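Hello,

Here is the structure I promised to pass on to you. Please open it beside this email, and then read on for what turned up.

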Amino acid sequence: MLIQDVIQHLLNTLEAKGFKTLVHFELEGVCELRPNQQKLDYLGINQKLARLGIDGELKSEYWKNQWEFVSLFNGQSPLKEAQNLAHAMRVLPTLMCQHGAAKVMMVPVAWGADKGRYVPGSGAIFSLDTRSVHIPNAIQMNVSVENQQGENLFAQQGLGEWIQYELLVNSYACCLLFLPEEDAFKRLALRQDYGLDAELSSPVVLSGGHQGSIALYKEIGKHNQAMGLEPLFFASDNSVLQYAGDWRKTARVEHRIGATSKNYDPYSNMLFILINVLEGINKWQVADSLPQFKDKALPVSLFDEHNKPDGQQTLGALSLFENETWFADKINFYCTDIPNMNVNNLGVKMKEMMLSKYQRTVIT
């Protein structure tokens, strides 16, 4: 498979430079349970995932009948991680239906999947409002970089910030990769369009820092909590008496914008991440200062908007990706020496392959 060969070549390039990249996926979805079924048999599902050689496990998520597939830290390479997610997306619906589910939905938005609204400002207290809640489902990528001694280089000043910056700058024109269908853009607008600010915390714009849609976690996390804590001493009731930990081990960039979709391609997204890692490393090694990034709204649709009052056209994700040159140019740049492959215009060919699945949609 061409794209897997390119991913492996980028990993070889990183290794030759003295770097090891770690990337982990998280995938959310929703299911309907069979009658009289209280919950999924997560143990049974995870045992089958392990037998299939998939480095990940299924667990319950926040909303009723929402689930999450999370990576296990088994030392797998980013290529194996992409293979894990691609395999999991194929088999999870069958496995879940074997262990309690009547229907499995891998969609950006599970419309009306839960009921009950929070009292504004409470974050946890339900009001008397029982209107439906539309549940957003995300695919998240977590990225870190180690040196040859296994030290997390994001603990140093600069590298994590540069990779975060590259992802912020390049995610706009390439958002088709991780927002691959129209409902993915409706997911971004859920809080605003349906008054769900109290219930949802999904990202809506490209933003950085430690709380943005592309967040860098070092000493503190998304909720301003200390990072890298592990229980050290327990009381007789198993409550934690003292924590120990080192944030340097868990420092990472989280790309939190991706939407769950059957059109989501783990390999294209892994390729996108690795190119940004290489770009971040190269600039970190030579640049004096890091540019500032200003929060930026994402496109509102897969398709172009032609009927604006001022007569202007707003490009959708398809046109943005089709028009940009960065993605293809960087594939060409980093793959000039890939062995046993015709690299002439390789980036353009790969980009055309990614766009080809949408040709029928555009014609329609």
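**Charged pairs and the core**

Glutamate 324 counts as buried, at 10% relative accessibility. Please keep in mind that this is a predicted model.

Which residue pairs with glutamate 324 in a salt bridge? The partner is lysine 351, with 3.5 Å from N to O. Lysine 351 sits in helix 11 (residues 346–356), while glutamate 324 is in the loop between helix 9 (317–323) and helix 10 (326–334), so the pair ties together parts that are 27 residues apart in sequence. Lysine 351 is buried as well, at 8%.

The whole structure has eight salt bridges. Another one of them joins glutamate 161 to lysine 218, and their closest N and O atoms are 3.1 Å apart. Here helix 4 (residues 159–170) is tied to the loop between strand 9 (214–217) and strand 10 (229–234), because glutamate 161 lies in the helix and lysine 218 in the loop. Glutamate 161 is buried at 13% relative accessibility, and lysine 218 is buried at 10%.

Now for the nonpolar side chains. In soluble globular proteins, these tend to be buried together. The largest nonpolar core here has 86 residues, and Trp67, Phe69 and Met96 are among those with the most contacts inside it. Leaving aside residues up to four places away in sequence, methionine 96 touches several residues, including Cys31, Leu40 and Trp67. A separate core of 10 residues includes Trp63 and Leu190.

Finally, how many disulfides are there? The count is zero. For cysteine 97, the nearest cysteine sulfur belongs to cysteine 31, 8.4 Å away.

Enjoy exploring!

Notes. Residues are numbered from 1 along each chain as its sequence is written. This is a predicted model: local features need pLDDT of at least 70, side-chain atom pairs count only at pLDDT 80 or more; totals for chains, interfaces and linings use all residues. Side-chain values use heavy atoms; hydrogens and water are left out. A nonpolar core is a set of buried Ala, Val, Leu, Ile, Met, Phe, Trp, Tyr and Cys residues joined through side-chain atoms within 4.5 Å. Buried means under 20% relative accessible area, exposed over 50%, partly exposed in between (1.4 Å probe, protein chains only). Contact means heavy atoms within 4.5 Å. A disulfide is a pair of cysteine sulfur atoms within 2.5 Å. A salt bridge is a side-chain nitrogen of Lys or Arg within 4 Å of a carboxyl oxygen of Asp or Glu. Helices (H or I, at least four residues) and strands (E, at least two) are DSSP runs, numbered from the N terminus.
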